[in-house]
Structures are given as structure tokens and as C-alpha cells.
Amino acid sequence: MAKFFGKILIHIFQLVIAVCLLLPVVLTVTKATLADFFSVLVEEFWFYPKFWFSLGIAAAIGIGSVVVAVLAAVGLKFGRIKHVKGILFVLLLLMMMPLQTTLLPNYIGLRDLSLLDKTEALILPMLASPFAIYLMYQYMDSVPYEGFEAARLETGSVFRILCSVILPQMRACIAAVFVFMFAEGFNMVEQPLYFVKKETLKPLSVLAESLTSANSHLIFAVGILCMIPMLLLYGFYEEELTEGLGHLKA
Amino acid sequence: MRKKVLCLLTALFFGLLLLGTLFHQKIDCMFREHVTVVNPKPHQEKVTKTWEKNGEEHRIITEETFLLIPKEAVQYNMIYVLETVEVPYGSYEVVRLKGVETAGETGDYVKVTRGLKEKDRVVDVFSESLENEERVVAEE
């Protein structure tokens with residue numbers, strides 16, 4: 001009897017969580033009207049430039065963070081670095097830190113490099129993601145070291161070994177990192193609010209700030225249009241995401 | 001099969017967005033009211049004014065400048081003036097209702113004394129279908 005009630009409680013709890021997660025999506029879909037879509041896609045000037053800009057920023061962040069994560073993971077795995085576990089521990093700590101703790105150091109760094117209010121201010125801080133490096137390293141841990149050593153007998157070029165031997169085995173993880181970092185770049189909110197002031201450099205994710213009370217209803221239509229690229233990306237790389245995340249372990 | 005459907009949907013979505021990026025302004029123009037605008041023409045006229053003082057009639061001739069706009073542009077001393085609104089990424093035009101003071105007609109034109117500037121762009125026909133601050137497409 002107790003087990004039965006326990007199961008019922010768990011199901012109710014799961015239902016509540018599911019409703020809380022789905023409610024914003026359902027609200028967005030039901031509140032958007034055809035007139036709003038017409039307004040956004042035909043009448044307004046800002047949607048298309050902001051959409052392509054957001055997509056470009058997200059793609060740059062996705063590709064850049066994959067490159068950085070692959071190189072960092074290869075270095076940690078095959079570079080015979082001492083205290084690798086210590087570095088991984090620091091990465092784990094950084095992963096757990098909220099974004100707000102690194103906003104000010106990033107702001108000071110960008111200010112000193114005169115990159116504030118430029119596109120680079122949105123891309124550069126996101127390239128070295130601890131999550132991406134950690135995930136890539138964990139996946140690379142499953143790549144046998146013997147393969148690397150065998151390839152060293154053929155060629156001395158680490159870059160060639162990376163491209164011919166390691167990367168083909170890492171496809172799933174590369175796709176997973178790209179999808180995650182693309183989603184993070186497409187949905188970032190704090191960085192555009194603090195690092196850029198020009199209206200033309202603000203992506204769609206901070207649109208709510210610039211909409212007035214007269215046209216705030218357009219945000220539902222924009223929300224749906226922004227969800228579609230994410231859904232398509234997830235649809236393409238669903239298997240790779242599952243495989244890539246499966247290697248994430250402490 | 002699933003990947004094929006996803007490829008098709010992706011191509012459709014981004015294709016439509018690309019078409020929208022290139023042609024949305026042209027499509028928007030199709031749904032807007034088209035208006036023709038004219039610039040007011042400056043017109044100078046000698047005006048004789050008379051007044052009586054101590055039983056004597058005095059006359060003075062002054063040269064006054066009016067702005068001429070088509071008769072059809074004015075209704076109940078109101079006209080529509082075209083204004084350009086600048087927004088990020090572009091601009092569009094709206095019509096605004098403006099009150100003017102007139103001083104009679106001359107031919108097909110009305111003489112405007114106040115409420116209008118020479119560089120204002122006036123809608124040549126006052127239309128009941130137009131609304132204040134409505135977005136329009138101007139044809140000059």
C-alpha cells in the first residue's frame with residue numbers, strides 16, 4: 001500500500017514538474033497570433049537582421065568552442081601534463097559557478113582590450129567553456145592511447161594525428177558540444193545586456209528589453225520563430241547528443 | 001526518413017526567412033495605402049488693407065507670402081502631412097493630421113497662412129480612409 005501511494009506521489013510530482021516546464025512553451029504558442037507573425041515577418045524592420053545576427057553569433061560560438069575544447073582535451077589527454085586531475089577539478093568548479101560571478105572579470109578584460117560594444121565581446125568570452133572542455137575530455141578518455149601511439153609511428157605531426165585518428169572517433173561529442181554551445185550562444189541574455197550598448201549589436205534573446213508596451217505582444221511570435229532552429233538542431237543531432245552526454249561523468 | 005524530413009523542414013524554414021529578408025519590404029508595400037505627396041508652393045501676393053481712422057479711409061499695400069496646396073488636400077482646415085520615422089535598420093513613412101489656417105482660394109489651390117512649412121510634404125488628396133499616424137507608401 002505504501003509503495004502504491006509512493007508511486008502515485010512520484011507521478012504527481014513528475015506531472016507538476018512537466019507542467020511547470022511545458023507551461024511557458026504552451027503559453028507562447030497559444031498567445032501568438034497570425035497578425036503577430038505578419039507584423040514580425042513583414043512589417044517590422046528589426047527581425048531579420050537580428051535573427052541572422054543571433055544565428056551568426058551562435059554559430060561562431062559553437063564552432064569556436066568546439067575548436068578550443070578539442071585542442072584543450074587533446075592537450076590534457078595526450079600532452080603528458082602533470083596534475084591533470086587538478087586541472088579537471090578546477091574545470092568542474094568553474095562549471096558549477098554561475099555566470100554572474102565571471103561577468104565582472106569578463107567586462108574588465110573586454111574593456112582593457114577595447115572590445116566593449118563590439119561583436120567580439122559577445123563571442124570571445126564564450127569560446128573557452130569549462131563544460132565543453134570537460135565533456136570533450138571525458139569522451140576523449142574513451143579513445144585508446146594505443147591508437148595515438150601507433151599513429152605517432154607513422155607521422156610526427158600531432159595535427160595530422162588529430163585530424164586523421166582522433167577527430168573521426170569524436171564526431172558524436174563534437175556534435176554534442178556544438179549543439180550545447182550553439183544553444184547557449186543563441187539564448188544568452190546577460191552578455192548582450194552588459195557588454196554591448198548599441199541596439200544593432202543586441203541579439204534576439206534580449207528583444208524584450210527594446211520592445212515597447214505597444215508591441216510587446218510580438219515577443220510570442222518571435223519566441224516561436226527562435227524555437228524552430230533549436231528544435232531542428234536537436235532533431236538532427238539527437239543521437240549524438242545522447243551519446244556525447246553519456247560520457248559525462250565525474 | 002527522419003533526416004530527410006528534417007532536411008526538408010530546415011531548407012523550407014531558412015528559405016522562407018531568406019526570402020523574407022530580401023522581399024519583406026516589398027510585400028509590406030502591397031498592403032499599405034499609396035499616397036501622392038506634393039510640396040507647398042510659395043506664392044507672393046500684394047494685399048491691400050484698408051481701415052478707417054477719424055472718418056478717413058486709409059489704405060496700405062503689403063506683400064504677403066502664402067503657401068499653395070491643392071484644394072483637395074484640405075478638408076475642415078485639416079491636411080495630412082507625410083513624415084519619415086527612423087527606426088533601427090530602416091525607416092518608414094506615416095501621415096499626420098495637421099491643422100492649417102487658410103486665406104481663400106486661387107484657382108485649384110488654397111492659400112495657407114499658418115500651420116505649414118515649405119519643406120512639408122502634403123498628401124494631395126484628403127482621404128477619409130487615412131488615419132492619423134498610419135503607415136503609408138509615398139509616391140512623389
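**View 1. B:Cys29 is a partly exposed cysteine in this predicted model.** Its relative accessibility is 30%. Residues are numbered from 1 along each chain as its sequence is written, while chains are lettered from A and ligands numbered from 1 in the order in which they are written. Local features need pLDDT of at least 70, side-chain atom pairs count only at pLDDT 80 or more, totals for chains, interfaces and linings use all residues, and side-chain values use heavy atoms, with hydrogens and water left out.

**View 2. A:Cys163 is in no disulfide.** A disulfide is a pair of cysteine sulfur atoms within 2.5 Å. The whole structure, searched over all chains, has zero disulfides. For A:Cys163, the nearest cysteine sulfur belongs to A:Cys173 and is 16 Å away. A:Cys163 is partly exposed, because its relative accessibility is 36%.

**View 3. B:Arg32 sits in a loop of chain B.** The loop runs between α1 (2-30) and β1 (33-38). Helices (H or I, at least four residues) and strands (E, at least two) are DSSP runs, numbered from the N terminus. Is B:Arg32 buried or exposed? B:Arg32 counts as buried, because its relative accessibility is 17%. Its side chain makes a polar contact of 3.2 Å with the side chain of B:Asp28. A polar contact is a pair of N or O atoms within 3.5 Å; within protein, one must be able to donate a hydrogen and the other to accept it, and residues adjacent in sequence count only if both atoms are side-chain atoms. Contact, by itself, means heavy atoms within 4.5 Å. Leaving aside neighbours within four places in sequence, B:Arg32 is in contact with A:Glu43, B:Arg135, B:Val136 and B:Val137.

**View 4. A:Ser114 and A:Asp117 lie in the loop between α5 and α6 of chain A.** Here α5 covers 99-112 and α6 covers 120-127. A:Ser114 is not a glycine, yet its phi is positive, near 55°. A:Asp117 is not a glycine either, and its phi is positive at about 65°. A:Ser114 counts as partly exposed because its relative accessibility is 49%. A:Asp117 is partly exposed, with a relative accessible area of 24%.

**View 5. A:Lys202 is a buried lysine in a loop.** Which helices stand on either side of the loop that holds A:Lys202? They are α11 (190-195) and α12 (207-210) of chain A. A:Lys202 counts as buried because its relative accessible area is 8%. Leaving aside neighbours within four places in sequence, A:Lys202 is in contact with A:Lys50, A:Phe53, A:Pro192, A:Val196, A:Lys197 and A:Glu209.

**View 6. Chain A, the setting for several of these views, has 14 helices and zero strands.** Its C-alpha trace spans about 65 × 65 × 30 Å along the principal axes. Of its 250 residues, 40% count as buried. Take the contacts in chain A between residues at least 6 apart in sequence: 82% of them join residues at least 24 apart. Chain A has 17 positive side chains and 18 negative ones (Lys and Arg count as positive, Asp and Glu as negative; His and the chain ends are not counted). The centres of the two sets lie 8 Å apart, with each charge placed at NZ of Lys, CZ of Arg, CG of Asp or CD of Glu.

Methods
Buried < 20%, exposed > 50% of the residue type's maximum accessible area, 1.4 Å probe, protein only.
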